[in-house]
Amino acid sequence: MSALLTARDLSVQFTVRADGRKVSFDAVRGVDLSVSAGETLGIVGESGCGKSTLARALMGLVPLRTGSIDWQERPLVRGGKAVAPWPRSAMQMIFQDPLASLNPRMTVAKLIAEPLTEHAAHLSADEQRALVIETMRRVGLREDMLNRYPHEFSGGQCQRIGIARALVCGPKLLICDEPVSALDVSIRAQIVNLLMELQRELGLALVFIAHDLAVLRHMADRVMVMYLGRSVEVADKRDLYERPQHPYTQMLLACAPVPDPVIARSRRVQLKSIELPSPLVKLPGCAFQARCAYAEPQCSETLPRLRTNTKNRSVACHLESVTMTASSRDFPDCP
Amino acid sequence: MSLHAALGDTAPTQTRVPPAVAGRSPLQDAWRRFLRHRSAVVSLCILLVMLLACVVGPWLLPHRFDTTDWDALSLPPSWSNGHWLGTDELGRDVLARTLTGGRVSLMVGALGAAAATLLGVAWGATAGFLGGRIDNAMMRVVDMLYAIPYLLIAILVITLFGRDFYLVVLVITAFSWMDMARIVRGQTLALRSREYVEAAHAIGVPTRRIILRHIVPNLLGVVVVYTAVIVPGVMLSESVLSFLGLGVQEPMTSWGVLIQEGANVMEATPWLLLGPAAFLSLTLMCGNYLGDGLRDAFDPR
Amino acid sequence: MMHSTPDNARSVLNVSDLCVTFDTPDGPVAAVDGLTFDLMRGKTLGIVGESGSGKSQSVLAMLGLLPAYARVGGSVCFEGRNLLRLPQAQLAEVRGRRMAMIFQDPMTALNPYLTVARQMTEVLAHHRGMAHGEARRASLAALDRVQIPDAARRIDLYPHEFSGGMRQRVMIAMALLCGPDVLIADEPTTALDVTVQAQILALLRSLQKDDAMAMILITHDLGVVAESCDDVIVMYAGRMMERAGVYGLFDGPSHPYTRGLLGAVPRLDRAEGALHSIPGVPPDMRRVAPGCPFAPRCGQAGDRCLTHVPAFEAQPDGAARACHVATADLVRWAA
């Protein structure tokens with residue numbers, strides 16, 4: 001399976017005002033990733049890990065400081081600058097807040113047709129309308145919604161409108177920035193199922209960003225874990241969930257809520273109240289060392305590079321194999 | 001798992017959902033909210049009646065605004081002789097003069113507000129959208145204009161170039177557009193970072209079309225509200241200029257001119273002042289209530 | 001649950017048939033209808049539901065925090081007095097001192113213009129008449145209790161200088177200053193990262209154990225319920241659907257909605273496959289159909305379900321539910 005999208009060494013820099021001075025930091029640092037046709041890459045991390053920024057960088061919505069991107073094995077970005085026109089009709093995005101991502105003054109018909117007016121202007125108005133209706137049917141929207149406005153719909157329906165808008169041009173890659181985080185539990189399942197079904201039907205590649213590991217368990221083929229702008233572990237789904245190697249991945253899995261009181265109460269998560277270090281303070285070494293139970297002196301001195309152990313598995317950690325005690329799922333105290 | 005079952009909305013149980021409410025655009029929603037504001041609705045009606053009266057009234061009244069009647073000099077208001085607001089020292093009917101003057105005042109208000117709005121929106125939206133140094137430069141121009149004493153310049157210009165109707169409108173407009181520019185710029189800045197603008201970028205919509213399709217229509221609320229506030233301001237400016245003797249010239253008259261003439265003879269013949277003053281005050285007050293109502297209609301928070 | 005408690009467990013709060021109706025321009029909207037429960041000392045009651053279920057409105061009503069256009073009926077008995085009928089002065093005594101509340105977003109609950117020290121000492125001065133020095137010492141002790149590191153320095157900072165997790169701890173500390181008998185937590189961890197959420201939930205559990213405090217935990221996250229709650233009420237469209245002990249609820253839910261919710265939640269430890277979603281959308285509370293509010297989305301609704309609202313009745317095993325379909329006839333639960 002050839003790679004649809006390949007990215008190397010992506011970095012995105014932000015400049016903020018802190019204590020009256022301008023400070024720059026990298027929201028995304030040196031991230032590599034690749035997605036193949038028909039597969040789902042999950043990206044997971046907590047707030048401030050840079051996953052949303054990474055999504056926007058892949059869509060060409062934020063400028064890159066460094067990095068190269070190949071699209072369908074042809075160069076798209078070199079040294080952080082675009083060297084070819086961005087494949088807008090082939091790469092589309094779905095956003096976290098379904099209602100906010102729709103212009104409140106446009107009808108559903110106009111919203112879904114907007115990509116067509118940009119990329120398929122050669123189609124007649126009737127052809128465009130037919131395509132819009134067909135796409136709406138595919139995502140579960142009724143035709144009588146055509147002339148209504150976003151605020152008249154629920155969150156789940158608005159997200160369907162967003163999905164229809166993203167699909168109408170027949171893209172190959174869909175980047176989903178936490179598309180179900182703002183939805184109710186019962187609606188979340190509908191949208192997740194819809195995306196999985198559409199992927200099967202249309203052979204889409206998905207980059208699915210989430211902070212909820214459980215959703216990725218269902219949806220993703222491979223998962224990338226991010227921490228403070230860096231990619232710390234990339235693995236096939238089964239490997240990641242059953243044999244997580246990076247200490248941060250293990251911590252995430254240990255803390256993720258499980259809807260089963262027996263399991264939830266049998267694991268004891270002992271965590272000191274350590275705050276997330278500020279991304280503005282540039283420390284040498286591993287970004288995770290302050291919270292890591294296994295930290296050694298070398299962790300605070302040198303940055304661990306992402307090492308690929310076996311095919312499809314990479315970990316950025318100095319320690320060879322950090323295995324979790326599988327039975328009690330205790331997480332040891334932080335130093 | 002069939003596609004049918006996965007697509008929640010088209011599941012078989014959907015037929016039991018109660019019938020859908022008819023579609024309502026944000027504009028219709030705003031209209032509904034506006035209608036609930038009684039004072040604003042009443043103000044709107046009064047203003048419409050006022051407009052009608054000023055446009056059509058002078059033709060319907062028995063007396064013309066510039067017909068002098070030496071037999072009816074300085075008469076107080078009376079029902080019987082047809083001079084409902086009295087006559088002035090030349091025997092001209094005050095009501096007819098007031099309505100005719102209203103035409104000029106309202107026209108100045110409308111033209112001035114329209115020009116100020118167009119200029120303010122164009123300036124503000126461009127500055128807000130482009131951002132950075134251009135935004136800075138454009139807003140400094142606005143700041144400088146605020147610093148210039150408007151009345152001084154108005155007096156200078158009109159004294160030098162004469163009391164032409166369009167010149168008066170121009171001078172007033174030149175100093176009325178800055179508020180609108182600031183507000184539109186602020187709103188544009190806020191809209192620029194909205195998710196649907198980001199989505200438009202993601203789709204590949206070019207910048208020009210993003211401004212026209214996504215930014216400008218969502219400025220509508222703010223612009224409508226502020227236009228309703230600019231109109232009374234412009235009319236007041238015109239009245240002030242007229243009061244200083246710098247407004248429109250004879251034979252045209254405006255409320256400001258009438259008020260100035262009436263103020264001179266206030267003690268002897270107060271009705272010459274009261275008529276136009278009442279009309280102007282009423283218009284300004286209704287304009288403000290209308291502005292309030294529009295603001296609540298477009299921004300219910 | 002209520003009928004089988006031993007005699008030495010006291011009930012601290014008795015809510016009976018709580019109803020909240022809002023007078024909106026579109027007509028009266030019944031946000032809460034018939035909420036009934038007894039809260040036991042030292043226990044945590046979880047109220048779980050999606051948006052529109054009325055879970056937040058019900059606790060706001062209990063503390064008298066709803067706007068004037070809300071009509072509240074029923075009774076909320078605390079220490080023999082009905083809080084809903086109490087005059088403002090006496091209710092203010094109870095609120096903050098005997099019953100405290102923490103919210104989802106600490107930034108809006110804390111005054112951004114006052115230091116934390118000032119806000120905390122103010123509470124103590126008002127409710128317990130402490131002098132400044134004593135109040136400051138007590139505040140420092142409270143911050144230590146919630147494990148805020150370096151409390152002596154941090155207490156003089158402003159709320160925006162704390163991270164999200166720290167702010168939530170500050171809010172918990174403030175809520176516990178007067179040693180309340182009941183703590184109401186309205187989605188306290190929804191806006192927090194997973195690792196911080198685990199810490200906060202653990203903290204709440206330990207504090208509750210130390211003080212034998214009763215807690216009402218409102219959430220939409222079933223994982224949080226499984227981890228922290230002893231008893232659970234499931235709400236939908238303002239009504240109670242099911243009330244049970246936490247183990248019983250997850251082991252064998254006796255309401256179609258609960259079953260649907262549990263099926264729709266993605267599991268971290270489960271094999272992949274599509275999620276069992278609940279079809280349809282939550283109802284529009286302004287146009288409420290007759291009969292059971294869940295009937296339009298229920299796969300097992302019969303004719304009676306569409307016309308008659310099911311009564312909330314106790315079951316032989318101690319749970320309670322509102323459903324016309326007999327437990328034995330419910331679709332076999334595959335956990």
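**Chain C helices, domains and interfaces**

User: In which sense do α4(C) and α5(C) cross, right-handed or left-handed?
Analyst: The crossing of α4(C) and α5(C) is right-handed. Please note that this is a predicted model.

User: At what angle do the two helices pack, and how far apart are their axes?
Analyst: Helix α4 (residues 116–128) of chain C packs against helix α5 (residues 132–145) of chain C at an angle of about 115°. Their axes are 9 Å apart. The angle makes α4(C) roughly perpendicular to α5(C).

User: Which residues meet there?
Analyst: From α4(C), the residues are A117(C), M120(C), T121(C), L124(C) and A125(C). Their counterparts in α5(C) are H132(C), A135(C), R136(C), A138(C), S139(C) and A142(C). By class, this contact of α4(C) with α5(C) has 7 nonpolar, 3 polar and 1 charged residues.

User: Stepping back, how is chain C divided into domains?
Analyst: There are two parts: domain 1 covers 1–98 + 181–266 + 276–288 + 299–335, and domain 2 covers 105–177 of chain C. The centres of the two domains of chain C, taken over C-alpha atoms, are separated by 29 Å.

User: Changing topic: in what order do the strands of the open sheet in chain C run?
Analyst: The order is β2-β1-β4-β5 in chain C, an open sheet of 4 strands with antiparallel pairing. At the edges stand β2 (27–40) and β5 (81–82) of chain C; each has a single partner strand, so one side of each is left without a neighbour in the sheet.

User: How many bridges join β4 to β5 in chain C?
Analyst: Strand β4 (residues 70–78) of chain C is joined to β5(C) by 2 bridges. In one pair, C77(C) has N82(C) in β5(C) as its bridge partner.

User: And which strands does helix α1 of chain C lie across?
Analyst: Helix α1 (residues 55–62) of chain C lies across β1 (11–24), β2 and β4 of chain C. Relative to β1(C), α1(C) runs at about 110°.

User: On to the interfaces. How many residues do chain A and chain C put into their contact?
Analyst: Chain A contributes 37 residues and chain C contributes 39. On the chain A side, α5(A) gives the most, with 8 residues. By class, the chain A side that touches chain C has 20 nonpolar, 10 polar and 7 charged residues.

User: What about chain B and chain A, how many residues are in contact?
Analyst: Here 24 residues of chain B are in contact with 28 residues of chain A. The elements of chain B that give two or more residues to this side are α1 (3–6), α9 (195–203) and α10 (207–243). The largest share, 7 residues, comes from α9(B). The chain B side that touches chain A divides into 11 nonpolar, 8 polar and 5 charged residues.

User: One last point on chain A: which residue in the hairpin of β4(A) and β5(A) takes a positive phi?
Analyst: Q72(A) does, with a phi near 50°; that hairpin has 2 residues between its strands. Strand β4 (residues 66–71) of chain A and strand β5 (residues 74–78) of chain A pair in the antiparallel sense over 3 bridges, and D70(A) stands opposite P75(A) in β5(A).

User: Which residue in the turn between β5(A) and β6(A) has a positive phi?
Analyst: G79(A), at about 60°, in a hairpin with 2 residues between β5(A) and β6(A). These two strands are paired over 2 bridges in the antiparallel sense, with R78(A) opposite K81(A) in β6(A).

Notes. Residues are numbered from 1 along each chain as its sequence is written. Chains are lettered from A and ligands numbered from 1 in the order in which they are written. This is a predicted model: local features need pLDDT of at least 70, side-chain atom pairs count only at pLDDT 80 or more; totals for chains, interfaces and linings use all residues. Domain bounds come from an automatic or database domain assignment. Two residues are in contact if their C-beta atoms, placed from the backbone, lie within 7 Å. Ala, Val, Leu, Ile, Met, Phe, Trp, Tyr, Cys and Pro count as nonpolar, Asp, Glu, Lys and Arg as charged, and the others, Gly among them, as polar. Axes are lines fitted to C-alpha atoms, for helices over the stretch in contact, and angles run from 0 to 180 degrees between N-to-C directions. Angles under 35 degrees count as roughly parallel, over 145 as roughly antiparallel, 65 to 115 as roughly perpendicular and the rest as oblique. A crossing is left-handed if the near helix is turned anticlockwise from the far one by less than a right angle, and right-handed if clockwise. Two strands pair if DSSP finds at least two bridges between them.
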